[in-house]
Amino acid sequence: MTDVTALPHVVGVLGGGRMGAGIAHAFLTKGATVIVVERDHEAAAGAQSRVAEAVAKSAARGTLDEAPETALARFSTSTDYASFIHCGLVVEAVPEDYELKVSALKAVEEHLSADAFLASNTSSLSVTGLANELRRPAHFVGLHFFNPVPASTLIEVVLAKETSPELAEAAKSWTEALGKTAVVVNDAPGFASSRLGVAIALEAMRMVEEGVASAEDIDAAMVLGYKHPTGPLKTTDIVGLDVRLGIAEYLHSTLGDRFAPPQILRDKVARGELGRKSGKGFFDWND
């Protein structure tokens, strides 16, 4: 009988952007064979480059237990969902859009073996809602990785109403095998991390908007006063203002006005000030 709590030998990741590449790197460096499926060959090449760069950095830090070329020999990219056929687990890491995720998850499920598991890296969307769109909701769970994945020590395991106890236990074991800590939450808007993180970030934005203090001083108050490793506004820049806006809009629609996005956030996104990835957000990243 297969031990589902052991790290799957073959892991698939749908989407090879910053988060998807980080998730692929996490499993790859713990000995799994990893396949990333992307929408086209250009995107697949980008995923290949990001994972190779992450593996090289791990080797340089001395945190890789094998030669980089040995790890990368277990890594491949594809544009064909059929490549997931031998995976024991596939993690979806496409952009935070409900309809896009439903479409992607349904397509992946069609190519999985009967005993394979499927997970979403959603940071706020209803895992139960996504599960209800699938043929095997008991085999589905939320695995919310944090950015940047290699440096983060947390995975939020989000249980849908129909997630099987077997999968819930396996997800915690996988997290431990990846060298990270599991926080287990029942499905609710924003889970634990996004709900609290966004609440603090939105209030920090309102304080900038009202002229209470500068972004630098607001962040310093949380870093020095509350021992946060990074302030809420710099964290927003790292996550992406567009991503934070999307999460805030979803939480606003489900939890009420306390999550209404401030105008400063909407204005910055409209101007293309998306944070680190665009060079400017609440801070200037071009220096």
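**View 1. Salt bridge between E169 and K172 in the predicted model.** The closest N and O atoms of E169 and K172 are 3.4 Å apart; a salt bridge here is a side-chain nitrogen of Lys or Arg within 4 Å of a carboxyl oxygen of Asp or Glu. Both residues belong to helix 6 (residues 165-177), three residues apart, which places them about one helical turn from each other. Helices (H or I, at least four residues) are DSSP runs numbered from the N terminus. E169 is partly exposed at 41% relative accessibility, and K172 is partly exposed at 35%. The accessibility classes are buried, under 20% relative accessible area, exposed, over 50%, and partly exposed, in between (1.4 Å probe, protein chains only).

**View 2. Network of K268, R271, E273 and K280.** Salt bridges with shared partners connect these four residues into one network. By the stated rule, the count of salt bridges is 15.

**View 3. Salt bridge between E53 and K57.** The N to O distance is 3.5 Å. E53 and K57 lie four residues apart in helix 2 (residues 41-61), about one turn of the helix. E53 has 44% relative accessibility and K57 has 45%; E53 is classed as partly exposed, as is K57.

**View 4. Salt bridge between R39 and D40.** The closest N and O atoms are 3.8 Å apart. R39 is exposed at 68% relative accessibility, whereas D40 is partly exposed at 31%.

**Notes.** Residues are numbered from 1 along each chain as its sequence is written, and side-chain values use heavy atoms, with hydrogens and water left out. In this predicted model, local features need pLDDT of at least 70 and side-chain atom pairs count only at pLDDT 80 or more, while totals for chains, interfaces and linings use all residues.

Conventions:
Helix = DSSP H or I, 4+ residues; strand = E, 2+ residues; numbered from the N terminus.
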